Amino acid sequence: MNLPDSYQHPSHRLKNPDDPPSHRMVQMLLTRKIHITPTTKQAKILWALSEKCRLLYNFALAERRHQWIRNRTKPATEYTSITYIQQQNALPALKAQYPEYTWVYSKVLQMTLRRLDADYKSFFARWRRGDHQTRPPRFKGKHYFTTLCYNQSGFKLDIDNQRICLAHRHPSGVELTFSLPWLPPLNGKIKQVEVFQDRHRQWFVAITCEVAVPPYVDNGRYQAIDLGVSNLVTAVNLQGRFIQIRNRRPDLYWKDKLRQVQTRRDHCRKFSNRWWFYQRKWVKMRQKLTNQLRDFQHKVSKVVVRNTRANTFIVGDLAVKRMARKKAASVCQRQNAATRTLHHSIQNTGFLGRFVQFLTYKAKKVGKSVIRIDEAETTKRCCVCGTVQMRRLSERVIQCNCGTTLDRDQNAAVNIMIRFLLQQPLVNREPLQAFWYGLHRHTALPRVPRVVDSMEAPTFMQG
Ligand SMILES: [Zn+2]
């Protein structure tokens, strides 16, 4: 059958060498966070600009709230709401009445209103999803630094001197120029620059640029990944080969040190000089720990993406929140202690969800892709015979009645791979058979026919 060009799968067209290179690349947004050190004068200006944005945010929020209160007395058919466009159109009038709002670059004010709009949208979305614990956006307090967002314009990148210059119209005339230790890729186009402070009052700019990356092509090689606390990554490929990367545990190194400083601090009079001395020390150590965890996750995700020919990674959809949820205290003291240790491990080894995010963007950068599939029962199920059995977390090696003896995480990775292959719309099961063949070649698994349950297999595969 001869299909017109537009009907063909993009990957067929991509193989045509006559295509111009622009057709073979896709655009991707990448954001880089860079530490900056403003001078005292610059910091003062930044705070003044932030203050204007903060007030604007609060005014706009109050306007929306009043509208909502007025709506409550009306019948549902007469509800009216205030939109972003209405608030944006009111900006020139506001500037005419209060000229100090012209200090801020106009796009930054607009982006502040957009953020309020986005906050409301996400609130309504969460509410509609059934999360009735969620609360609407709140007023920002006095010492809150509002992120200054320069979208599309208002910034100038000086490549020769490695500096970035931000626009403002503050009467003091101090230039907001910051040197950058890193420059965005030259082929990329800068979309947005944001200035913000983190929890520790450090200044940062976040530069978002659009870069061209190779498109994702399914090359028939897959890697299934199980994530965990003791083994950060356990991966298996279609040839049945395993890779295992142990998690680094800087939290164990810092645990006692942190507790010691905390105890000393708690023996001081609160907010005394000595108390602040230990408090600062404690914050610094916590910061170091978080940085070490993030750094390790960045390094491992890079290795996982680069060290394979597979273009597709399959990870289980995580529910860390569910894992670390507080359970009712058991009568058994030992059980309680074990639960506490587990929660400590889960919450202090860096979030696995963040690791998946790192993996996803690093994969996309080199034209690969990460697929998430349901992870339920991948640990409990024996990968050979398919029996589901409750297992304690202390059981590092699973031993099934069918004679299977396999590492716990390896078993989970195999299960994820099988689930993915069964979900594929394939009439033949060649990849699955190849996977089994490879698995038996590399591991001493018994040959037992696996019971495929109807939950996993599409109907045409049964029987
Ligand atoms: Zn078994």
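**Ground rules.** I noted that this is a predicted model, where local features need pLDDT of at least 70 and side-chain atom pairs count only at pLDDT 80 or more, while totals for chains, interfaces and linings use all residues. Residues are numbered from 1 along each chain as its sequence is written. My helices (H or I, at least four residues) and strands (E, at least two) are DSSP runs, numbered from the N terminus.

The expected span is 1.5 Å times one less than the number of residues. Helix H6 (residues 106–128) has 23 residues and should span 33 Å, which agrees with the 33 Å between its end C-alpha atoms.

Next I asked which residues of H6 are buried. They are Val108, Leu109, Met111, Thr112, Leu113 and Leu116. I call a residue buried if 20 or more other C-beta atoms lie within 10 Å of its own, exposed if 12 or fewer, and partly exposed in between, with C-beta atoms placed from the backbone. The cover over these H6 residues includes helices H3 (40–72), H4 (84–89) and H5 (91–97), along with strand S2 (148–151). After H6 comes Gly130, with a positive phi near 105°.

**An open sheet.** I traced four strands in the order S1-S7-S6-S2, with antiparallel pairing. Strand S1 (26–36) and S2 stand at the edges with a single partner strand each, so one side of each has no neighbour in the sheet. Two strands pair if DSSP finds at least two bridges between them. S1 and S7 pair over eleven bridges, and there I found Leu30 opposite Cys209. Strands S6 (residues 189–197) and S7 (residues 203–213) pair over eight bridges. Here Lys189 has Glu210 as its bridge partner, and Val195 stands opposite Val205. The S6 and S7 hairpin has five residues between the strands, and Arg201 takes a positive phi near 65° in it.

**Two cores.** A nonpolar core is a set of buried Ala, Val, Leu, Ile, Met, Phe, Trp, Tyr and Cys residues joined through C-beta atoms within 7 Å. In the largest one, of 34 residues, Ala224, Ile225, Ile314, Ala413 and Met417 touch the most other members. Which helix gives this core its largest share? I found that H12 does, with seven residues. Leaving aside neighbours within four places in sequence, Met417 is in contact with Tyr222, Ala224, Val236, Ile314 and Phe435; contact means C-beta atoms within 7 Å. A second, separate core of 26 residues includes Ile45, Tyr150, Val195 and Ile207.

**A loop residue.** Last, I found Leu393 in the loop between strands S12 (369–373) and S13 (397–399). Leu393 is partly exposed, because 16 other C-beta atoms lie within 10 Å.

Methods
Contact = placed C-beta atoms within 7 Å.
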